[in-house]
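Good morning, colleagues. I shall take the overall fold, then the helix packing, and then the pockets.

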Amino acid sequence: MIERFLAWLGETPWSVALLESLYAWPLVESTHVLTLGLFVGATIMMDLRLTGLAFRNVPVQSFTGRLLPWTHAGFIVMTVTGLLLFYSQPLRYYHNVFFRVKVLVMIAAGVNAFVFHRGAHRRAADWGADAIPPRAARIAGTVSLTAWAVVVVTGRLIAYNWFDCDIQPQPGWVNWLAGCEAVTE
């Protein structure tokens, strides 16, 4: 059912026009990459502070207070452009192993950020000036650094069609992971 919906979505005039556009698709993709750089760059700086690996003399509240607006702006534009990229070829992205991994890791990164901001960050007034933050903050920073590195790498690998469903034969586990319908060899 989801595949039929995504196939229909990919055949809508706006989706086809976006994918075939000489200017719109490259502009959307470039904007996605640039805002990814803004978001991930600011996030890495905050995570390095949270892990205690860099910026030790800067209070955490000052750091996050200055960088969070940039990460929020980058995240919003990155998400909108990412959804547009998905809209341009929804069925292909849906079956792409790297896209699936990217989405799962982004969800994990989001949960990590939510837990950090609802927990350790609320108590940052107590530890924010410490050179080495508490364990919960260091774990959140490490998980975030790892997750966003995986998101960037898998996002880049989406462009390669090593595991596309229309390329057969492939191992059964690849077809399963990509959500390919049963393939007869």
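The chain contains nine helices and zero strands. Read from the N terminus, the order of elements is therefore simple to write down, α-α-α-α-α-α-α-α-α. Please bear in mind throughout that this is a predicted model. The C-alpha trace spans about 60 × 40 × 25 Å along its principal axes.

Let me begin with the packing of helix 3, which covers residues 24–51. How do helix 3 and helix 4 lie relative to each other? Their axes come within 7 Å and cross at roughly 150°. An angle over 145 degrees counts as roughly antiparallel, and so helix 3 is roughly antiparallel to helix 4. The crossing of this pair is left-handed. By class, the contact of helix 3 with helix 4 has 19 nonpolar, ten polar and two charged residues.

Helix 3 also packs against helix 8, at an angle of about 150° and with the two axes 8 Å apart. Helix 3 and helix 8 are therefore roughly antiparallel to each other. Here, too, the handedness can be stated: helix 3 passes helix 8 in a left-handed crossing. On the helix 3 side, the residues making the contact include Leu 36, Phe 39, Val 40, Thr 43 and Ile 44. On the helix 8 side, among them are Gly 141, Thr 142, Leu 145, Trp 148 and Val 152. This contact of helix 3 with helix 8 is made up of ten nonpolar, five polar and two charged residues.

I turn now to helix 2, residues 13–20, which packs against helix 4 at an angle of about 100°, with the axes 8 Å apart. Helix 2 and helix 4 are therefore roughly perpendicular to each other. Which residues meet here? From helix 2 they are Trp 14, Ser 15, Leu 18 and Leu 19, and from helix 4 they are Leu 84, Tyr 87 and Ser 88. Five of the residues in this contact are nonpolar, two are polar and none is charged.

Next, a word on the start of the chain. Glu 3 has its place in helix 1, residues 2–10. What does Glu 3 contact, if its neighbours within four places in sequence are left aside? The partners are Leu 91, Tyr 94, His 95, Gly 179 and Glu 181. For one of these, Gly 179, the separation from Glu 3 is 176 residues in sequence, yet 9.6 Å in space, C-alpha to C-alpha.

Finally, I come to the pockets. Rolling a probe the size of a water molecule over the atoms shows where empty space is left.

The largest pocket has a volume of about 750 Å³. Its lining comprises 28 residues, and those nearest its centre are His 32, Gly 82, Leu 85, Lys 102 and Ile 158. Two or more lining residues come from each of helix 3 (24–51), helix 4 (60–88), helix 5 (90–94), helix 6 (97–118) and helix 8 (135–157). Which element gives the largest share of this lining? Helix 4 does, with seven residues. In terms of class, the lining of the largest pocket divides into 18 nonpolar, six polar and four charged residues.

The second largest pocket has a volume of about 410 Å³. A set of 20 residues lines this pocket, with Phe 39, Thr 43, Leu 68, Ala 113 and His 117 nearest its centre. At least two lining residues come from each of helix 3, helix 4, helix 6 and helix 8, and helix 6 supplies the largest share, six residues. The lining of the second largest pocket divides into ten nonpolar, nine polar and one charged.

Methods: Residues are numbered from 1 along each chain as its sequence is written. This is a predicted model: local features need pLDDT of at least 70, side-chain atom pairs count only at pLDDT 80 or more; totals for chains, interfaces and linings use all residues. Side-chain values use heavy atoms; hydrogens and water are left out. On a 1 Å grid over the protein atoms alone, a cavity is a set of points where a 1.4 Å probe fits but cannot get out, and a pocket is an open set with protein on both sides within 12 Å along at least five of seven lines; lining residues have an atom within 4 Å of a point. Grid points are joined across faces, edges and corners, and a volume is the space filled by probe spheres set on the points. Helices (H or I, at least four residues) and strands (E, at least two) are DSSP runs, numbered from the N terminus. Ala, Val, Leu, Ile, Met, Phe, Trp, Tyr, Cys and Pro count as nonpolar, Asp, Glu, Lys and Arg as charged, and the others, Gly among them, as polar. Axes are lines fitted to C-alpha atoms, for helices over the stretch in contact, and angles run from 0 to 180 degrees between N-to-C directions. Angles under 35 degrees count as roughly parallel, over 145 as roughly antiparallel, 65 to 115 as roughly perpendicular and the rest as oblique. A crossing is left-handed if the near helix is turned anticlockwise from the far one by less than a right angle, and right-handed if clockwise. Contact means heavy atoms within 4.5 Å.
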